[in-house]
Amino acid sequence: MSTATIEPSLESRVHYLNVSYGIKSWLLTTDHKRIALLYLASITLMFFVGGAAAVLIRLHLIEPTGALVQPETYNKLFSMHGIIMVFFFLIPSIPATLGNFLVPMMVGARDLAFPRINLLSWYVYMVGALLTLSAILAGGVDTGWTFYPPYSSNYSQTHVILAALGVFIAGFSSILTGFNFIVTIHKMRAPGLTWFRLPLFIWALYATSIIQILGTPVVAITIALLGLERLFHVGIFDPKIGGDPILFQHLFWFYSHPAVYIMILPPMGVISELVTCFSRKRIFGYSFIAFSSLSIAVISFLVWGHHMFVSGQSVYAGLVFSVLSFLVAIPSAIKVFNWTATLYKGSISYDAPMLYAMGFIGLFTMGGVTGLFLASLAVDVHVHDTYFVIAHFHYIMVGGAVMAYLGGIHFWWPKITGRLYPDKWARFAALVIFIGFNLTFFPQYMLGYLGMPRRYAVYPAEFQVLNVMSSAGASILGVGYLIPLVYLIWSMRYGPVAGPNPWRAKGLEWETPSPPPTENFEETPVVTEEAYAYSTEEA
Amino acid sequence: MADHPAQAVQVHALAHQFDDLDQQHEASNFGMWIFLATEIMFFGGMFAGYTIFRHEYFTSFAAGSHLLNWRIGATNTAVLICSSLTMALAVHAAQLGKRMQLVTFLILTIVLGLAFIGIKLTFEWSRDWNEYLVPGQLVLGHAFAPQGEILKQLQEAHASLPKVEMFMFFYFAMTGFHALHMVVGVGLLLALTIMAWQGRFSPQRFNPVEGIGLYWHFVDIVWIFLFPLLYLIGGIS
Amino acid sequence: MSGHIVPQKVYFTIFALLIGMTGLTTWVATQNFGRWNTVIALAIAICKATLVILFFMHVKYSSNLTRAAVVVGFFWLALLLTLTLSDILTRSWIPTPSSWQSSTSQVP
C-alpha cells in the first residue's frame, strides 16, 4: 500500500531526522519528535532489562524447589522486574514515545507547549533510570515494587533508598510529560479543531495526563516519607512507635491504582486509532469513548482500597471500594463494545497493527473481567497475593498495553522513520507473541485459583506442570519480542520508502510527509471534518 | 518586521511553537496552575498523614504543639503575608512596565523570604536541636530525648513520648519541605531580579514574573494552613 | 496584553485582612471552644487562602479553565483525605453478628 514509486528519495528532502547531525543535536534537541526517539531508545532498553529479570524468574520456577537462584535473590528478581516494568517501561511507554511524537501533530501544532521542559523530562527519566540500575548493580532491592513498610523501612538489608530514589525522580518525568500534554491540548489546537473533532488518542492522553498530574505527587511524598523513616529511624509507618503501615498502603495505592490507568488509557487510545483505520469505518460512539476516558481518569482515584481488602483496612471502607471498583469497569467495557461495533461490517485488513489491536481487545477483556473477580471482597480473600492477581494484571499490561504499544509502533513507524517494515515478519511476530503470551499467563490463572502464592521462590510439587507450561510460554514470548527489535531496526536502513500515508488513514499526522519536517506542517492546518471521516466508498 | 524597537522585543519574546503572545501567556499561566495542582497533592499526602495521627493521638500532638513557639510562628506568618503583598506588587509593576519598581518589590520579597528562613533556623530549629527535640537518630547520639522542663511539661500533659516524637516528625517534615520550597522560590526570585534589572521584561512579556508569583503565593498558602495546624493545636495561653 | 490590572489599593486591603485574620486565629486559640477550635481555625485558614487565590493570584479575574484547575486540585486532596479517613474512622466498627456475641464480649 505504499506510494514508494512516487515519493522522492528520503535524503533529498529536509526532515526532522536529517536537519542536523551529531550527538549534540540529539542530546540538546527541543524537537518533540527527536525527544520521542530518545525516549524510545531508553524505554526499549529498560523493557529488555525488566524482561531479563522475568526470564530468570520463569527459569527459576521450572522446579518446585527453585531451579536457579537463592530465595533472597529471587526476591530481588521479582522486585526489580516490577519496579522496572512499572515505573520505567509501562508508565512512560506510550505517552513519552508515541505521545510526544504525535500530540503536536495531531492537534496541528509545531511543537508541544513547553519544548525545553519536554527535554528536561527525558533527562529526569534518565537520572531516575540510572539510579535504579545502579541499585540493581549494587545488589538489588527485595521489597517488591510496592515497598511496603515495616519491611522496607526497618528490616530489608538491600538498596531500598537507592531504588526508591530512582523511582521518586522518574515520577517527576511523568509529571512533566502530563503537564505539557494538558497545556498543549487545551491551548494549541489548530483552527477548526474543536474538542469533539480530536482523535481519540488525544482524549486518552489527556485523561492520562490528568492522572499523572494528580496522582504522581502523592507517591512522591510517600516514597520521600518512607526514605526519611528508613534513614532516621522514626516515622509514621512503624507500628512500634504508633505508626500505621496501612497508611503507607493508602498513600501508595492512591497513586498506584490510578497509575495502572496511566498504563492502559494510552493503549486504549491507540486501539481506537487502529480499529478505525483497519476497518475503514468511523469509530462507533465517539463521544462515549471520549467521555469514558475521562470517567476512567476520575473513578480510578476512588478505588485504590481494593488492593488492601485483606490488609487490616476497615470492612466498611472495603465495601465502598468494592462497589466503586465494579463501577470503574463500566467505562472500559463501553470502549470494548464500541470497538467491536466499529469492527462490525467494516472492511477489515489484517495488517500487523490490526492483529495487535484484535489481540488487545480479546486479552484486555479477559484481564478486565478477572479484575471484577478481584473486586469482589469474598473472592479476593481467596485469590489475593496469588498467581491469579499476577495473571490478571499481566493480561491487561502485557496482553493489553504492550500489544497496543507494539501495534502503535508498527502503525506509526512509517511516519516516524519514513520506512516500511517487512509485513510478513511483523504478522509472524504478532502471532508468536500472542501464542507465547497465552501459554505463559493462562496457566497462572489456574495456579492462582488453586492457591499458589505470588512472590514465593518455591512451590508445592503439584503445581509444577502448570509452571513449566508458563515458563515454556515465556520463552516463546521472549523470542516474539526480539523479532520486531530486529526487523524494525533493519527497516530504518533497508525498508522501502513509505510515503506520507501508507495506510490511507485519516488524521492530521498523515497529511504531512514521512518523516515530517521539524515544524511538522508547511503551514498550520485548518480542520473542517470530523475525526475518522472514512467514507464507505473508500473501502 | 523588526524596525521598531518595541516590536523587536515582541518578536523576540514569542517562542516558535506559539502563534501569538496571548497564546503564550495563557499557556504559561495555565501551566503554572497545573504545576501547583501537583504541589497541592504533594503536600496533601503529608496533610493526610497528619490528619490521621492528630485524630488518633490528640493529647500527644497538643503537647507537642505546645513545645513550639507560637509567637514566632505568628510572626513568620505575618512575614510571609508581607512577602505575598510585595510579590503581588511586583507583578503589578511588571504589568505596567515599571522596571525599578519591579526590581524593588522583587528584592523586598527575597528579603522577606530570607527573613522567614532565618527566623526559622535561628529561633526554632536550632533551639529544637539543642533541646533534643529533633525526631529520630539524625545524628548518632542526638536522638529525640526531651529533658528537664520540657520533659516535665510533656509528662504533666499525659503525653506519650513516641507520639510526641511523631508529631515532631510531622512538624519537621512539613515545615522542612515548605522551607525547601521557599529556598527554591528565593533562588527563582533572584534569577527574576537579575532579568528584571537587565530590562528583559515588558508589559507584553512578563510571564516568568507572573508564574513565579503564583508559585510564591502558593507556598504562602501552605504556611497559612501549617501555622494553625502545627502551632495552635489544643489552644495556647 | 497584560491581563487585568488590579489596583494597588486592593492588594493593600487584602493584606490588611490577611494580617487581621492571622491575629484572629491566634486569639481564637487562646479561647476554649472545645472541638470548635479546630473548625474555626480551619475556616479562617480557608478564608485566608481564598483571598490569596482570588486576589493575589488573580483567579477572580481569570478564565474558567484556570478556576477549574484550582478547584480540581483541592477537590482531589479532599478525595485523598475523605477516603483514607473512611478507613481510619471505621476500623473499629467490626461487624459481629449478634448471634456470635456472648453476654461477656464487647465490641472494641
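Tutor: A residue is buried when its relative accessible area is under 20%, exposed when it is over 50%, and partly exposed in between, with a 1.4 Å probe and protein chains only. The model is predicted, so local features need pLDDT of at least 70 and side-chain atom pairs pLDDT 80 or more, while totals for chains, interfaces and linings use all residues. Residues are numbered from 1 along each chain as written, chains are lettered from A and ligands numbered from 1 in the order written, and side-chain values use heavy atoms, without hydrogens and water.

Student: Why is Gly436(A) called buried?

Tutor: Its relative accessibility is 0%, a value that lies under 20%, and therefore the residue counts as buried. Gly436(A) belongs to helix α15 (residues 423-450) of chain A; helices (H or I, at least four residues) and strands (E, at least two) are DSSP runs, numbered from the N terminus.

Student: Which residues does Gly436(A) touch, not counting those up to four places away in sequence?

Tutor: Gly436(A) touches Gly473(A), Ile476(A) and Leu477(A), where contact means heavy atoms within 4.5 Å.

Student: What makes His392(A) buried?

Tutor: His392(A) has a relative accessible area of 15%, which is under 20%, so the term applies. The residue is part of helix α14 (residues 387-417) of chain A. Its contacts, leaving out residues up to four places away in sequence, are Gly367(A), Thr370(A), Gly371(A), Leu374(A) and Tyr445(A).

Student: How many aromatic pairs does a search of the whole structure find?

Tutor: The search finds 65 aromatic pairs over all chains. Tyr16(A) and Phe101(A) form a pair with 5.6 Å from centre to centre and 70° between the planes. Tyr16(A) lies in the segment before α1 (23-27) and Phe101(A) in helix α4 (residues 93-106) of chain A, 85 residues apart. Both Tyr16(A) and Phe101(A) are buried.

Student: Why is the pair of Trp125(B) and Phe172(B) called tilted?

Tutor: Rings of Phe, Tyr and Trp (its six-membered ring) pair if their centres lie within 6.5 Å; planes under 30 degrees apart are stacked, over 60 edge-to-face, and the rest tilted. The centres of Trp125(B) and Phe172(B) are 5.9 Å apart and the planes stand at 40°, so the pair is tilted. Trp125(B) is in helix α5 (residues 99-130) and Phe172(B) in helix α7 (residues 161-197) of chain B, so the pair ties together parts 47 residues apart in sequence. Both Trp125(B) and Phe172(B) are buried.

Student: How do you know that Arg34(A) lies over the face of Trp26(A)?

Tutor: Arg34(A) is 4.3 Å from the ring centre of Trp26(A).

Student: What makes Asp244(A) and Arg91(C) a salt bridge?

Tutor: The closest N and O atoms of Asp244(A) and Arg91(C) are 3.2 Å apart. A salt bridge is a side-chain nitrogen of Lys or Arg within 4 Å of a carboxyl oxygen of Asp or Glu, so the pair qualifies. The count between chain A and chain C is one salt bridge. In this interface, 22 residues of chain A are in contact with 15 residues of chain C.

Conventions. Lys NZ or Arg CZ within 6 Å of the ring centre and 35° of its normal.
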